[in-house]
Amino acid sequence: MSLLRSLTFARRSFSVAAQRVNTTRTATNGASSEVLSASQLAQFDRDGFLVLPNMVPVEWCNKLKTRANQLVQEFEPKSISVFSTKNQVKTSDEYFLQSKDKISFFFEEDAFNADGSLKQSKELSINKLGHAMHDVDPTFMAFSYQPNFIGIMKSLGYVRPQLLQSMYIFKQPKIGGQVDPHQDNTFLWTNPFSCRGIWVAVEDAAINNGCLY
């Protein structure tokens, strides 16, 4: 379930997933408080998502883009992992599972030729980065633990939400596999369900960079 649904129409996006459990890390750059109004909460309960325009300053979006580009440029692939919502075991198995506490790099499904070489540059072949930028990278950590996000979760009834996963998702030109409908609760399992996702549109989508019409 997304709180910032607008990223669906963005070329690049950043997401964090939290659960309703205790955490050992809290925001340090200011006190957090509930930020959603009663009408916004009612809309979220009714629709299952909530759009919060202009919540993230453009300066932060630029910082995230710059850092993500740096990470990709520094990445020297020693093993190949392809992100897929249809057959993750086949395409990346152990690499995907071990990404929980580090920054891992996942390629698009059609990124490689038959001989294993990339069809286009590395920078245009990555599907996403995941899944622990919020804990291991200073830029993504400072962004992820800011009070506004903590406040959103508190508005939804979370006392001390735990940040479990973060992803930086690219929307590459002329390449990319189908993403089947799914819920992140199936990857971050709790009983009862307690996972909530915050998705941030890092870039606007327009006719010149990949809109959906």
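Visitor: Okay, how many bridges pair strand 2 and strand 3, and in which sense, parallel or antiparallel?
Guide: Five bridges, and the sense is antiparallel. Keep in mind that this is a predicted model. For a landmark in that pairing, look at Phe105, which stands opposite Leu129 in strand 3.

Visitor: And what's the order of the whole open sheet?
Guide: The five strands come in the order 2-3-4-1-5, and the pairing is antiparallel.

Visitor: Which strands stand at the edges?
Guide: Strand 2 and strand 5 do. Each has a single partner strand, so one side of each has no neighbour in the sheet. On average, neighbouring strands here are turned by 20° against each other, direction ignored.

Visitor: How many bridges join strand 1 to strand 4?
Guide: Seven, with the two strands running antiparallel.

Visitor: Is strand 4 mostly covered or mostly open, and how many of its residues are buried?
Guide: Mostly covered: six of its eight residues are buried.

Visitor: Why call helix 7 largely enclosed?
Guide: Because seven of its nine residues are buried. They are Pro147, Phe149, Ile150, Gly151, Ile152, Met153 and Ser155.

Visitor: What do those buried residues of helix 7 pack against?
Guide: Strand 1, helix 1 (38–47), helix 6 and strand 5. If you follow the chain on from helix 7, you get to Gly157, which has a positive phi near 100°.

Visitor: Now the core. How many residues are in the largest nonpolar one?
Guide: It has 38 residues, and those with the most contacts inside it are Phe14, Leu129, Ile152 and Tyr168. Among the elements giving two or more residues to this core are strand 1 (13–19), strand 3 (126–131), helix 7 (147–155) and strand 4 (162–169).

Visitor: Which element gives the most to this core?
Guide: That's helix 2, with six residues.

Visitor: Changing topic to charges: how many salt bridges does a search of the whole structure find?
Guide: Four. One of them joins Glu203 and Lys65, where the closest N and O atoms are 3.6 Å apart. This pair links distant parts of the chain, with Glu203 in the segment after strand 5 (196–201) and Lys65 in helix 2 (residues 58–74), 138 residues apart.

Visitor: Glu203 itself, is that buried or exposed?
Guide: Buried, since its relative accessible area is 16% and the cut-off for buried is under 20%.

Visitor: Which side chain does Arg67 meet in a salt bridge?
Guide: The side chain of Asp137, at 2.7 Å from N to O. This pair also links distant parts of the chain: Arg67 is in helix 2, while Asp137 is in the loop between helix 5 (133–136) and helix 6 (138–144), 70 residues apart. Asp137 counts as buried because its relative accessibility is 2%.

Visitor: And Lys102, what does its side chain pair with?
Guide: Asp101, with a 3.0 Å N to O distance. Lys102 is partly exposed, its relative accessible area being 35%. Asp101 is partly exposed as well, at 46%.

Visitor: How about disulfides, what's the count?
Guide: The count comes to zero. As for individual cysteines, Cys61 is buried with a relative accessible area of 8%, and Cys195 is buried at 5%.

Conventions
Residues are numbered from 1 along each chain as its sequence is written. This is a predicted model: local features need pLDDT of at least 70, side-chain atom pairs count only at pLDDT 80 or more; totals for chains, interfaces and linings use all residues. Side-chain values use heavy atoms; hydrogens and water are left out. Helices (H or I, at least four residues) and strands (E, at least two) are DSSP runs, numbered from the N terminus. Buried means under 20% relative accessible area, exposed over 50%, partly exposed in between (1.4 Å probe, protein chains only). A disulfide is a pair of cysteine sulfur atoms within 2.5 Å. A nonpolar core is a set of buried Ala, Val, Leu, Ile, Met, Phe, Trp, Tyr and Cys residues joined through side-chain atoms within 4.5 Å. Two strands pair if DSSP finds at least two bridges between them. Axes are lines fitted to C-alpha atoms, for helices over the stretch in contact, and angles run from 0 to 180 degrees between N-to-C directions. Contact means heavy atoms within 4.5 Å.
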